[in-house]
Amino acid sequence: MSKNQDDLDLVRRLAGMLNEAGLSEIEYEVDNRRIRVSRTITPIAAPVVLPGAAVAAGPGTIAAPAAAADDNNHPGAVKSPMVGTAYMSPEPGKPAFVAVGDKVAAGQTLLIIEAMKTFNPIKATKAGTVTKVVVENAQPVEFGQVLMVVE
Amino acid sequence: MFDKVLIANRGEIALRIHRACHEMGIQTVAIHSTADNDAMHVRLADESVCIGPPPAKDSYLNIPAILSAATITGADAIHPGYGFLSENARFAELVEEHGFTFIGPTPEHIRMMGDKIVAKQTAAKLGLPLVPGSPGPVDNLDEVKALGKEIGYPVLIKAVAGGGGRGMKVIDSEGQAEEAFNLARQEATAAFGNGSVYVEKYLGKPRHIEIQILADTHGNVVHLGERDCSLQRRHQKVLEETPSPALNREMRERIGGLAADAIRTMGYRGVGTLEFLFQDGEFYFIEMNTRLQVEHPITEAITGIDLVREQIRVATGGTLGLTQAAIKFAGHAIECRINAEHPETFVPSPGRITDYHPPGGLGVRVDSALYAGYRMPPYYDSLVAKLIVAGTNRNECLMRLRRALEEYVVGGIDTTIPLHQRLIAQPDFVNGDYNIHWLERLVGLKK
């Protein structure tokens, strides 16, 4: 999608690779764009991987590509019906429509997508709890993109 | 020069446009429906935006979605390809109203040539010869019958808002007029939203010969020769070649010059094609296409000119770097349109491509978005590849085409490759002796 989105996705993937391979630094260059991702590994005995243990800290919390695919197939995924820019609050400066943990009713506005100067409210199709907010304020979105998860 | 161009199309032409852009250092944005998530041009483009579900009306014809995609990606210009919105004057207007450059002619010229009656009237004013026919739309059966008597049967009844070979019916005699007239109007309303029809003489054995023109915004116009597109099935072109076996240099220069003069007088910009019927040494204007055409690669093969690059340059206000005298026509080129259809029954054959091996070698070009593993969606037209072969003369071209077709492997779907192999083996074709009814007679659609 947009360049910024590509960069963020790339950083996430590189950070994921750092963890998986136990590396401290990865540098990736293509054309004249270069991204470097690094962390400090504290020298300890072989790290014990506990089932369900949180992944070791890398730069930024990672949504690995596998997690994104899960969102896509999640029955509560709210997907964008159009192309445009997502806004999470009714006006700049006002609080967001919903936050993670909120209970929402069917028909309640979750966010707005602006396209060609018209603002289109995106509403919850059924009542539930917002478990994930995937897009950020002013983020460009495409048709079918997961915006939120409401369970 | 543009930094970023949004490609408002799909399939092989979207890939074609992407290639021209990347060769010019221009970034590309591919818009696509969910059915085209894995399309080759989507994978290759710098950015992609999914704009809707599979149906064309919700995606490739969805003007707000396309304009939104251009806005969020910061595109400078939009290339409409062919088909879809490429000849939609309202789309061209909206693109410009929203601050993007439409890579194509002005909305006024699109509108003018989109109405087939206005197009003919304009052509007549510009000094182009016309097919005898009704001066305007025909409103009732009596008019049709009167014209039939005046012009002489058989006549053709055509949709004013049609084009591209659609919305036409033949009337062999007065007895058939009523049914044809009513059917034609109903079909025109259903297909084009406009039931207006007009009448033209039906020529018995014409060739379809079209002239490619190219114009900039500084009054410079050139013609790039002709294409003979007489091999058609149900008014859809199957194979095209240039030069036409039926024209000599003098005829080419004459009709090319007339076409270029008309375009110059119009003040047209970009690429365009003037389509004529040619019979007994005479040309008859039928319509003008205000866009890039499917068969443009054969013109590129014999002139060495990249037409998509020229479109983009003209759209930035650039000057044509060419004079008519500088344009040389070298050799011969043929294009085979390969469809995902059974080569004899023409039943469409979407599906997953298993093996894919396109032919190669000197003078062989394949414009296609196919790849091994690609799942061909059933929602769009069946053109899957264009095989373009060039040679120093027509014979060499035919030999090379026969060789290229025998190498071409497309596994998993039916294609019309065997049909092309059959066509080019026919003595009539080898002799260049064919007209627009020839192919249908060969495959048994006509007597």
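Student: What makes the crossing of helix 7 of chain B and helix 8 of chain B right-handed?

Tutor: A crossing is right-handed if the near helix is turned clockwise from the far one by less than a right angle, and left-handed if anticlockwise. This pair crosses in the right-handed way. By the way, this is a predicted model: local features need pLDDT of at least 70, side-chain atom pairs need 80 or more, and totals for chains, interfaces and linings use all residues. Residues are numbered from 1 along each chain as its sequence is written, with chains lettered from A and ligands numbered from 1 in the order written.

Student: Why is helix 7 of chain B called oblique to helix 8 of chain B?

Tutor: The axes (lines fitted to C-alpha atoms over the stretch in contact, with angles from 0 to 180 degrees between N-to-C directions) cross at roughly 125 degrees and come within 10 Å. Under 35 degrees is roughly parallel, over 145 roughly antiparallel, 65 to 115 roughly perpendicular and the rest oblique, so helix 7 of chain B is oblique to helix 8 of chain B.

Student: Which residues make the contact?

Tutor: Contact needs C-beta atoms, placed from the backbone, within 7 Å. Helix 7 of chain B brings Leu141(B), Val144(B), Lys145(B) and Gly148(B), while helix 8 of chain B brings Ala177(B), Glu178(B) and Phe181(B).

Student: How many residues of domain 1 of chain B are in contact with domain 3 of chain B?

Tutor: 22, and they meet 22 residues of domain 3 of chain B. The bounds, from an automatic or database assignment, are 4–87 for domain 1 and 207–442 for domain 3.

Notes:
Helices (H or I, at least four residues) and strands (E, at least two) are DSSP runs, numbered from the N terminus. Two residues are in contact if their C-beta atoms, placed from the backbone, lie within 7 Å.
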